Amino acid sequence: TCSECAAGLYLDVTAGSACLSCPANTVLLASGSRNITDCVCNIGYEGVDGAACRPCPMGKYKASNGSGACSVCAAGTFFNGTAGSACDACPAANLATSLAGTVGVEGCRCVAGYSGPDGGQCTACQPGTFKAVNGSSECVSCASG
């Protein structure tokens, strides 16, 4: 009698009808599979269907199962781990932003008009001072005139 493989296994007819596990960091999305190429990369991993998948590197993520490539974290976000399914937003209360692909919260820098350490709390420039660029530089006195 024929029987279906258990969840997470596929039936490889070339291996004597044995039920086999998918390669590392992959998953079967449907039961009853008969082909290793039905094993697709897990969320947070990239590679080709039917082969072992590698984790997304720091600063990148992948939100869905499949063979697609990892995406770079957008500006204003960061991810400092591997195999990420989403990027973290720079702290909104800090009025900070970051470049695309930022790896850690320290890449979140205070926006113009605010000062503070990278990745830390940003505070507004005091009246009579300004800061024209993003980053951790101090607010400076306005020129009189």
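Is Val111 buried or exposed, or does it fall in between? Val111 is partly exposed, because its relative accessible area is 23%. On the scale used here, buried means under 20% relative accessible area, exposed means over 50%, and partly exposed is in between, with a 1.4 Å probe and protein chains only.

Before going on, the ground rules. This is a predicted model, in which local features need pLDDT of at least 70 and side-chain atom pairs count only at pLDDT 80 or more, while totals for chains, interfaces and linings use all residues. Residues are numbered from 1 along each chain as its sequence is written, and side-chain values use heavy atoms, with hydrogens and water left out.

Back to Val111. Val111 sits in the loop between strand 12 and strand 13 (114-115). Strands here are DSSP runs of E, at least two residues, and helices are runs of H or I, at least four residues; both are numbered from the N terminus. Leaving out neighbours within four places in sequence, Val111 is in contact with Leu95, Ala96, Thr97, Lys131, Val133 and Asn134. Contact means heavy atoms within 4.5 Å. Ala132 is 21 residues from Val111 along the chain, and the two C-alpha atoms are 8.5 Å apart.

Next, Cys110. Not counting residues up to four places away, Cys110 touches Leu95, Ala96, Ser115, Gly116, Cys122, Lys131, Val133, Asn134 and Gly135. Cys110 also belongs to the largest nonpolar core, which has 6 residues: Phe78, Cys90, Ala96, Cys108, Cys110 and Cys122. A nonpolar core is a set of buried Ala, Val, Leu, Ile, Met, Phe, Trp, Tyr and Cys residues joined through side-chain atoms within 4.5 Å.

Now the disulfides. A disulfide is a covalent bond between the sulfur atoms of two cysteines. The cut-off used to find one is a pair of cysteine sulfur atoms within 2.5 Å. How many does a search of the whole structure find? The search finds 8 disulfides, and I will take three of these pairs.

Cys56 and Cys70 are bonded with their sulfur atoms 2.0 Å apart. The link of Cys56 and Cys70 is left-handed, with -85 degrees about the S-S bond. This pair links distant parts of the chain, 14 residues apart: Cys56 is in the loop between strand 6 (54-55) and strand 7 (60-61), and Cys70 is in the loop between strand 7 and strand 8 (71-72). Both Cys56 and Cys70 are buried.

Cys73 is joined to Cys87, S to S 1.9 Å. The torsion about the S-S bond of Cys73 and Cys87 is about -80 degrees, so this disulfide is left-handed. Cys73 and Cys87 are buried.

Two members of the core, Cys90 and Cys108, form a disulfide with the sulfur atoms 2.0 Å apart. Cys90 is buried at a relative accessible area of 7%, and Cys108 is buried at 2%. Cys142, on the other hand, is in no disulfide; its nearest cysteine sulfur, that of Cys125, is 8.6 Å away. At 42% relative accessibility, Cys142 counts as partly exposed.

Last item, charges. The structure holds 1 salt bridge, meaning a side-chain nitrogen of Lys or Arg within 4 Å of a carboxyl oxygen of Asp or Glu. The partners are Glu46 and Arg54, with the closest N and O atoms 3.8 Å apart. Glu46 is buried at 15% relative accessibility, whereas Arg54 is partly exposed at 48%.
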